[in-house]
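Please prepare a short briefing on the structure shown below.

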Amino acid sequence: MRRQRSLPTLTENAYFCLPESVGWYQNDSEHTVDRQEGALNNFSIHLVISGKGYVYADHELHTLQAGDSFLYFPLQQQRYYSSSDDPWDVRWVHFYGSKVKDYLLERGLHRSHLWSIRQTRPLEQALHDLLVEAEENTFLQLTKLSTLTYAVIAEFVNQAVPLSTNKNAETTDRIVQLLPLLQQEACKPFELDYWANKAGVSTYYFCKLFKKVTQMTPMTFITLSRLQMSKQWLLEKSDLTVRQIALDAGYPSTSYFNKKFLEQEGMTPMEYRELYWNK
């Protein structure tokens, strides 16, 4: 199955980025691309959803599977194709923009063609949303088209790690699966041993993988989750004092709760409550 939408290239526009084409190849064993250097003046991102395929990079043939991705800068040689016995399900977009190159260079995305995506679902959804918009409205809503293209780029930048560093995809997936539960139970005392055991790894390796997946330490994640809930309670539970909210959020010390809230939000819990209650 192939779904693809091509769009006109707008040489004069006010947008950070726009798509030239976007698509989805599924169970297509004949999907093959061989572009010579200088042939295509667009960036492109491909995400493998399932199956496998092959990409030439640095004079070698690499096998890509679910969760892997590849990125090309304009005018680069492109050689990739689907496996014939296990065709890949791949979503992709070709895009352009006068500032996109600087944005990607600043974040080191020029270091490799081949990447692995920490959490594939957000990027897959962003590519899906862009394809649907292109299919339904072509280029009639440029602002939305640009916003959805940027969402793809931002998700890729946020989630991509060099492919060679991703040797523990199964364990990484376990961390991803634990995040909603960890957030849900954030107000309970945090026990690193407990969560490491649930992931089936040592505490040291849990912290290392957690940082790789979320770009933050487990305790930072817990703190942000507690503050998120406390902000909601400050506005919705007018009958609760700041002290009670601090306790409910997992902080036995009101002064420490005030300190963490001030560090993150730039104001005390009471100032935050008064700010919104006075609106």
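Leu-235, Leu-275, Tyr-276 and Trp-277 make a nonpolar surface patch of about 360 Å². Patches here consist of residues with over 30% relative accessible area and no salt bridge, with like charges joined within 9 Å and nonpolar side chains (Val, Leu, Ile, Met, Phe, Trp, Tyr) within 5 Å; a salt bridge is a side-chain nitrogen of Lys or Arg within 4 Å of a carboxyl oxygen of Asp or Glu. The model is predicted: local features need pLDDT of at least 70 and side-chain atom pairs count only at pLDDT 80 or more, while totals for chains, interfaces and linings use all residues. Residues are numbered from 1 along each chain as its sequence is written, and side-chain values use heavy atoms, with hydrogens and water left out.

**Nonpolar patch**
- Helix 10 (residues 269-277) gives the most to the nonpolar patch, with 3 residues; helices (H or I, at least four residues) and strands (E, at least two) are DSSP runs numbered from the N terminus.
- Leu-275 is found in helix 10 and is partly exposed at a relative accessible area of 42% (buried means under 20%, exposed over 50%, partly exposed in between, with a 1.4 Å probe and protein chains only).

**Whole protein**
- The protein has 10 helices and 11 strands, and its C-alpha atoms fill a box of roughly 65 × 45 × 30 Å along the principal axes.
- Of the 279 residues, 43% are buried.
- Among contacts (heavy atoms within 4.5 Å) between residues at least 6 apart in sequence, 74% join residues at least 24 apart.

- An open sheet of 4 strands has the order 3-8-5-6 with antiparallel pairing, where two strands pair if DSSP finds at least two bridges between them.
- Strand 3 (32-35) and strand 6 (60-65) stand at the edges with a single partner strand each, so one side of each has no neighbour in the sheet.
- Neighbouring strands of this sheet are turned by 20 degrees against each other on average, direction ignored; axes are lines fitted to C-alpha atoms, for helices over the stretch in contact, and angles run from 0 to 180 degrees between N-to-C directions.
- Strand 5 (residues 52-57) and strand 8 (residues 78-82) run antiparallel and are joined by 3 bridges, and Gly-53 stands opposite Ser-82 in strand 8.

**Gln-78 and His-94**
- Gln-78 lies in strand 8 and counts as buried at 0% relative accessibility.
- Leaving aside residues up to four places away in sequence, Gln-78 touches Val-33, Asp-34, Arg-35, Leu-40, Ser-44, Tyr-72 and His-94.
- His-94 is placed in strand 9 (residues 89-96) and is buried at 4% relative accessibility.

**Asp-129**
- Asp-129 is in helix 2 (residues 120-137) and is partly exposed at 32% relative accessibility.
- A distance of 9.2 Å separates the C-alpha atoms of Asp-129 and Thr-149, which are 20 residues apart along the chain.

**Positive phi outside glycine**
- Asn-27, in the loop between strand 2 (18-25) and strand 3, has phi near 55 degrees and is exposed, with a relative accessible area of 60%.
- Gln-215, in the loop between helix 6 (203-214) and helix 7 (218-236), has phi near 65 degrees and counts as partly exposed at 45% relative accessibility.

Methods: Areas by Shrake-Rupley, 256 points an atom, 1.4 Å probe, with all protein chains shown as cover.
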